[in-house]
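Here is a walk through one protein model, with an eye on what holds its parts together. Have the 3D view open as you read.

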There are 2 protein chains.
Amino acid sequence: MEQAYSRIEHQGLKDRVVSAEVAASWIQDGMTLGLSGFTRAGDVKALPHALVERAKNEVTFKVDVFTGASLGSDIDKIFAEAGILRKRLPFQADPTMRKKMNEGEFLFVDQHLSHTSEMLRANTLEQIDVAVIEAVGITEDGMIIPTTSVGNSLIFAENAKEIIVEINQAQTESLKGVHDLYSPGKQGERQPIPLTKPEDSIGTKGIPVNPDKIKGIIFTNQPDSPSNIVPPDAETKMMANHLIDFLKNEVKKGRLSKSLAPLQSGIGSVANAVFHGLLESDFEDLKVYSEVLQDAVFDLIDAGKVSFASGCSITLSEDKMNEVFGHFDRYKDQLVLRPQEISNHPEIIRRLGLISINTALEMDIYGNVNSTHVRGTNMMNGIGGSGDFARNARLAIFVTKSIAKDGKISSIVPFVSHVDHTEHDVDILVTEQGYADLRGLAPRQRVELIIKHCAHPMYREALMDYYQSALEKGGHTPHDLEKAFSWHSQYEKEGTMQPLVTV
Amino acid sequence: MEQAYSRIEHQGLKDRVVSAEVAASWIQDGMTLGLSGFTRAGDVKALPHALVERAKNEVTFKVDVFTGASLGSDIDKIFAEAGILRKRLPFQADPTMRKKMNEGEFLFVDQHLSHTSEMLRANTLEQIDVAVIEAVGITEDGMIIPTTSVGNSLIFAENAKEIIVEINQAQTESLKGVHDLYSPGKQGERQPIPLTKPEDSIGTKGIPVNPDKIKGIIFTNQPDSPSNIVPPDAETKMMANHLIDFLKNEVKKGRLSKSLAPLQSGIGSVANAVFHGLLESDFEDLKVYSEVLQDAVFDLIDAGKVSFASGCSITLSEDKMNEVFGHFDRYKDQLVLRPQEISNHPEIIRRLGLISINTALEMDIYGNVNSTHVRGTNMMNGIGGSGDFARNARLAIFVTKSIAKDGKISSIVPFVSHVDHTEHDVDILVTEQGYADLRGLAPRQRVELIIKHCAHPMYREALMDYYQSALEKGGHTPHDLEKAFSWHSQYEKEGTMQPLVTV
């Protein structure tokens, strides 16, 4: 316990330590909570569990829960099960939460991850009553040092009436110094963000707060949930290879140097596989400017391939977690963690000219991408940062396997059942079949490339059939709206998108 | 003629004057041309006509034509009729061109207006063989002074192998000094754009070029085409009033001051009507940071309501043109014209926190917007700058009349037939019926607001019926994909979206 108290360097705050139960009792019905946490990293762990416990013994109360992105430690699961949510934003990735929210049990607002902070600052979203932030410690002058993610913690702390800090002893104190907290200030009054390279340090090493706002401090000792990405399978490796071939060609054409451009990748196995593929490539002196830093980034640093990585969170597998956080000083000079508003800021993304790699659920023959909704209706996780990146990146690359459910679903369809990324924002599509480079092409030019290089052979003819029938309608983007969603409708009825053979 | 020559201050360039016919003879089959011009302003007039004349007497040749945005002087019309186009980008608004391109006669690439310059610079689009730029004159040190628009002229001049200048004596020399030419440089190597207020001057007063690249100079004497917007009708005025009510409420809530935030508006009658509506409002010291500056902006300057306007072009009605350009010195201190890359730059749009007003073709019950495609198939004009603004603005407002074709078409539909702006980017929808404020709302919350406040009464019940049947499918964004496009299909067959009465 003494060791825990030593993490509170600010003398006046030592007496604010309370149990999670006491802190949970402060939360009132109708409040809006801003919780730290981004892709299972740096989430507060004790207060949410205490809050759910409290809900078991008490008349119903409901709260809005705003976070950076998805939470680990089963928090989104228990929140959803406890029925204490009124509104949740801007992202989640928990199966139980997903089910309940698709059933309409609570409201979910799917936002670009760079937008939440602007809306809080502009007072166009519910203001934060209580910010709850996981910390490595609190400095002498009252700065909160975040742990493995920054997410929206800075704006939550700025915006909140009260702050509860969870000091997590399971998070290494070596994390101190890795954060760079920068707030752009109000729109219309702000200066340019002075970041021109991924390694630029532009802010403070912690979250500066008025200590009076810190109502309580909780001690915890629980590691982050490990990442749940699966190892790459044969198709994933093929996708990674296609993507690397594409990048090699760009270098050959003189459009990119051997150090490419700062890389962003969404969370998941494909992105991880692509990054692993870079290990054996000729590329060198690579830089990462991304949201989540996953296992592969650290392998690339170890191999001397990546010289610097800027992220908003560190989300690792169990083994990698022990390795990285056990020797964090080894990486510290090559890493920085920023607020998601900065990792995902259009100003920076456009300025640096990122190469952006994100996952699609489905794509259509014209290059529109659905990242979120299964059959246009059921939310998977959320758009996350993909829209921040795709609109503004130098290269917006979307990856997906060409089929799902043993071929019963084609990921390439006539018309995506939900549009998250329009044809204007999608440069390159990659599946295990190959890649389609859509840059500067008219819709009719894109169709053939996408069908030939991205669709699975078992669906190519049916896609061409759709396109031929659409061509009879003419138009800049030929469509036959009566048939546009027929693949989805057939799947719903027959359990497959494959052409039905009539005997 | 002597007067014309006096506009070429650079001594070494006076002998490059040629006829339009000679200059047109330099254009070869397969070339990519970069033409000045943005929303009927500052387009080159002589060379395109000479090129089309040449096509009448010669074996077929085809060229790519890149511009700022739409052209006046019937140029897009005669290009389309002459059949000399291979590819056209990034925007057009001519009925003949629209028809031919929807018939697939040539390729059209619909781009965000801030994207073309990045792609040229990154060499991911055909490079410009010949840039043809309308000018007020050429300075002593060889700078080309643009006329009533800047558009993509700076990047075209930078990127082109050769430049042809059209000095248009019909454009007043008082335009000198109103331009601010700034090139951000290559992605990854550039600095922050040092603009923090609409009135900031950050570049040069003309397009700096190596005089050796100027192959020829043509003299013309032909005014821009006047704008073709129609005066506001009753519905348009109602929309303007709703929008102004909304803005007044934002001031009341303390979210905006009486000078609001820099205003952007797309071209068209509604935007013009909204701006006219501001004349009688209490707002004061307004600023404009937009693409096109239309009639109303100058009325607002005259009335002392607008203190500064930054644009990329000036497009006026015939009367207003005479008034403004006849006394341009009166406005010069309150105006600046910038490259479209800067007027539409995400970095600046987000920093200034613009209020962005653009026109929709159709909207759906969840807030997705179609700005471009009639029944998902036929291109109208193009996305223009609406995507640059909507994603990054403080307030992304979309306006449309609730019905079209005497009520046979509802602009509010179950599922838009093409998505240009996703639910994530659309804050406020306005029709003559009212406005729906969608900020921070989940999809199911948006439906009722949109139907109640934006849909025409004659379609409200049918929209609720669709939503009810979709609700049976459940989901975060309930949809019944079999019926999603049934309104569009019925219109195609029956000529109306109105529920058919079965007797």
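Is Arg439(B) buried or exposed? Arg439(B) is buried, since its relative accessible area is 10% and the cut-off for buried is under 20%. Keep in mind that this is a predicted model.

## A partner for Arg439(B)

Arg439(B) has a salt-bridge partner in Asp437(B), with 2.8 Å between the closest N and O atoms. Asp437(B) comes out as partly exposed, because its relative accessibility is 22%.

## Salt bridges inside chain A

Over all chains, the structure holds 73 salt bridges. One of them joins Arg88(A) to Asp76(A), at 2.9 Å from N to O. Arg88(A) sits in strand S3 (residues 85–89) of chain A and Asp76(A) in helix H4 (residues 75–82) of chain A, so this pair ties together parts 12 residues apart in sequence. Both ends are tucked away: Arg88(A) is buried at a relative accessible area of 0%, and Asp76(A) is buried at 1%.

Arg121(A) and Glu341(A) make another salt bridge, their closest N and O atoms being 2.8 Å apart. Here the pair ties together parts that are 220 residues apart in sequence, because Arg121(A) lies in helix H6 (residues 115–121) of chain A and Glu341(A) in helix H12 (residues 340–343) of chain A. Arg121(A) counts as buried at 15% relative accessibility, and Glu341(A) does too, at 4%.

## Arg121 in chain B

Now look at Arg121(B), which is in helix H6 (residues 115–121) of chain B. Arg121(B) is buried, with a relative accessible area of 16%.

## Where the chains meet

The contact draws on 78 residues from chain A and 78 residues from chain B. Together the two chains bury about 6,500 Å², with 52% of that on carbon and sulfur atoms. Arg350(A), Arg391(A) and His424(A) supply 12% of the area that chain A buries against chain B, more than any other three residues.

There are 8 salt bridges across this interface, along with 46 residue pairs in polar contact. Helix H13 (residues 346–352) of chain A gives the most to chain A's side, with 5 residues. That side divides into 22 nonpolar, 33 polar and 23 charged residues. Arg350(A) also forms a salt bridge with Glu118(B), with the closest N and O atoms 3.7 Å apart.

## Aromatic pairs

The structure holds 15 aromatic pairs over all chains. In one of them, the ring centres of Phe415(A) and Phe485(A) are 5.3 Å apart and the planes are at 75°, so the pair is edge-to-face. The two residues are 70 residues apart, and both Phe415(A) and Phe485(A) are buried.

Chain B has a pair of its own: Phe415(B) and Phe485(B) are edge-to-face, because their planes are at 75°, with the centres 5.3 Å apart. Phe415(B) and Phe485(B) are buried as well. Phe415(A), Phe485(A), Phe415(B) and Phe485(B) form one aromatic cluster.

## A covered helix

Helix H9 (residues 269–279) of chain B is mostly covered, with 9 of its 11 residues buried. Among them are Val270(B), Val274(B), Phe275(B) and Leu278(B). The buried residues of H9(B) pack against several elements of chain B, including helix H8 (234–252), helix H10 (295–302) and strand S15 (355–359).

Notes: Residues numbered from 1 in each chain as written. Chains lettered and ligands numbered in written order. Predicted model: local features only at pLDDT ≥ 70, side-chain atom pairs only at ≥ 80, totals over all residues. Heavy atoms only, no water. Contact = heavy atoms within 4.5 Å. Buried area = accessible area lost by both parts, 1.4 Å probe. Salt bridge = Lys/Arg side-chain N within 4 Å of Asp/Glu carboxyl O. Polar contact = N/O pair within 3.5 Å; in protein donor to acceptor, adjacent residues only side chain to side chain. Helix = DSSP H or I, 4+ residues; strand = E, 2+ residues; numbered from the N terminus. Nonpolar A, V, L, I, M, F, W, Y, C, P; charged D, E, K, R; others polar. Phe/Tyr/Trp six-rings, centres within 6.5 Å; stacked < 30°, edge-to-face > 60°. Buried < 20%, exposed > 50% of the residue type's maximum accessible area, 1.4 Å probe, protein only.
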